[in-house]
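Welcome! Here are a few exercises to work through with the model open beside you. Try each task before reading its solution.

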Amino acid sequence: MEKDSTDRAARDRSVRGLPDLNALLSEAAEFRSRQGRPFVVLSYAQSVDGSIAGRRRERIRLSGAESMHLTYSIRALCDGILVGIGTILTDDPRLKAKQADGPHPHPIVLDTRLRTPPAARLLQRPGVRPWLIHAPAVSPERVCRLSRSGADPLPCSVSADGRIDLPALMRTLADRAVNSVMVEGGARVITSFLRQRLADVVIVTISPQLLGGLPVIDPDESDRTLDLHLDHPFYQTLGRDLVIWSCPRWTDA
Ligand SMILES: NC(=O)c1ccc[n+]([C@@H]2O[C@H](COP(=O)([O-])OP(=O)(O)OC[C@H]3O[C@@H](n4cnc5c(N)ncnc54)[C@H](OP(=O)(O)O)[C@@H]3O)[C@@H](O)[C@H]2O)c1
């Protein structure tokens with residue numbers, strides 16, 4: 001009962017920009033010990049019509065310089081940064097905090113079949129061994145090759161659809177002392193986290209473009225309506241972009 005009311009209080013809190021997020025994240029260790037999972041910050045950029053990439057899932061630069069700087073700042077506040085293998089194969093990102101002060105978050109990739117290329121830029125970062133989260137049934141040769149290339153492949157159970165079981169992954173991350181994780185994309189990963197209700201703060205950058213591209217909520221993933229409200233929204237303009245800070249609430253919660 002006490003846990004429920006604490007969680008509701010956390011949910012009902014508004015997030016009015018970076019200082020509030022910083023304050024919430026300063027309690028992330030306590031959140032992890034209470035919930036058994038890291039605090040999840042879901043943050044991505046979309047066009048006005050809700051596209052996060054081109055129609056063929058190709059990368060499109062959406063954020064302007066100011067909102068990109070915000071993204072780097074949010075990364076610097078979190079212990080981990082998580083993307084799907086689709087994003088690695090398309091964008092080849094390094095997932096660094098870049099210009100923002102503070103440490104770099106630990107990179108985490110959902111890569112069921114270990115398809116990350118050994119030459120991926122993420123694996124070339126000195127002193128960082130990204131965690132590649134894969135299904136138990138992958139070939140040991142792949143595991144060895146990627147370990148030699150600078151990654152730490154971590155096995156995780158899969159759910160009925162054959163993909164990484166997110167609640168199981170959250171427990172693994174909590175066991176590894178990850179208090180907070182920023183989930184950046186792409187569409188399939190964002191859709192999965194939202195459908196599993198694994199988001200504590202949602203920060204959406206809206207770029208003034210209409211793309212007709214890849215919808216952020218992947219329509220192929222389920223026939224269920226998402227029914228998610230972004231509560232206590234705080235709107236901020238950064239350069240030409242609009243940023244919405246919010247706490248998610250699912251209608252039956
Ligand atoms: N605008 C933004 O803020 C932003 C941010 C990041 C990325 N993007 C864009 O998003 C596009 C890529 O999106 P995407 O949907 O094709 O790929 P994605 O979401 O990056 O990766 C999806 C893949 O991750 C693997 N996966 C494992 N477990 C999963 C789970 N539980 N839920 C979901 N996926 C899981 C699956 O690969 P297996 O089939 O191997 O299991 C799945 O196909 C790129 O164009 C990139 O530029 C945009």
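**Exercise 1.** Which backbone nitrogen does the side chain of S180 reach?

Solution, step by step. Keep in mind that this is a predicted model.
- Start by finding S180, which sits in strand 7.
- Now follow its side chain: the side chain of S180 reaches the backbone nitrogen of D79 at 3.0 Å.
- Then look at the wider surroundings. Leaving aside neighbours within four places in sequence, S180 is in contact with several residues, including L25, P38, F39 and D79.

**Exercise 2.** Decide for S180 and for E141: buried or exposed?

Solution, step by step.
- The cut-offs come first: buried means under 20% relative accessible area, and exposed means over 50%.
- S180 has a relative accessibility of 2%, so S180 counts as buried.
- E141, in helix 6 (residues 140-148), has a relative accessible area of 57%, so E141 is exposed.
- For a sense of distance, take E141 and Q46: they are 95 residues apart in sequence, and their C-alpha atoms are 38 Å apart in space.

**Exercise 3.** Describe the shell around the ligand.

Solution, step by step.
- Next, see where they come from.
- A polar backbone atom of G86 is 3.1 Å from an oxygen atom of the ligand, and a backbone N or O atom of A187 is 3.3 Å from a ligand oxygen. A nitrogen atom of the ligand lies 2.6 Å from an N or O atom in the side chain of S192.
- Finally, consider the cover: the ligand taken alone exposes 920 Å², and the protein buries 92% of that.

**Exercise 4.** Why does the radius of gyration of the protein agree with that of a compact globule?

Solution, step by step.
- A compact globule with 253 residues would have a radius of gyration near 18 Å; the protein has 17 Å, so the two agree.
- Along its principal axes, the C-alpha trace spans about 50 × 45 × 40 Å.
- The protein holds 8 helices and 11 strands, and 50% of its 253 residues count as buried.
- Among contacts between residues at least 6 apart in sequence, 71% join residues at least 24 apart.

Definitions and conventions: Residues are numbered from 1 along each chain as its sequence is written. This is a predicted model: local features need pLDDT of at least 70, side-chain atom pairs count only at pLDDT 80 or more; totals for chains, interfaces and linings use all residues. Side-chain values use heavy atoms; hydrogens and water are left out. A polar contact is a pair of N or O atoms within 3.5 Å; within protein, one must be able to donate a hydrogen and the other to accept it, and residues adjacent in sequence count only if both atoms are side-chain atoms. Accessible areas come from the Shrake-Rupley method with a 1.4 Å probe; for residues, only the protein chains shown count as cover. Helices (H or I, at least four residues) and strands (E, at least two) are DSSP runs, numbered from the N terminus. Buried means under 20% relative accessible area, exposed over 50%, partly exposed in between (1.4 Å probe, protein chains only). Contact means heavy atoms within 4.5 Å. The radius of gyration is taken over C-alpha atoms; the globule rule is 2.2 Å times the number of residues to the power 0.38.
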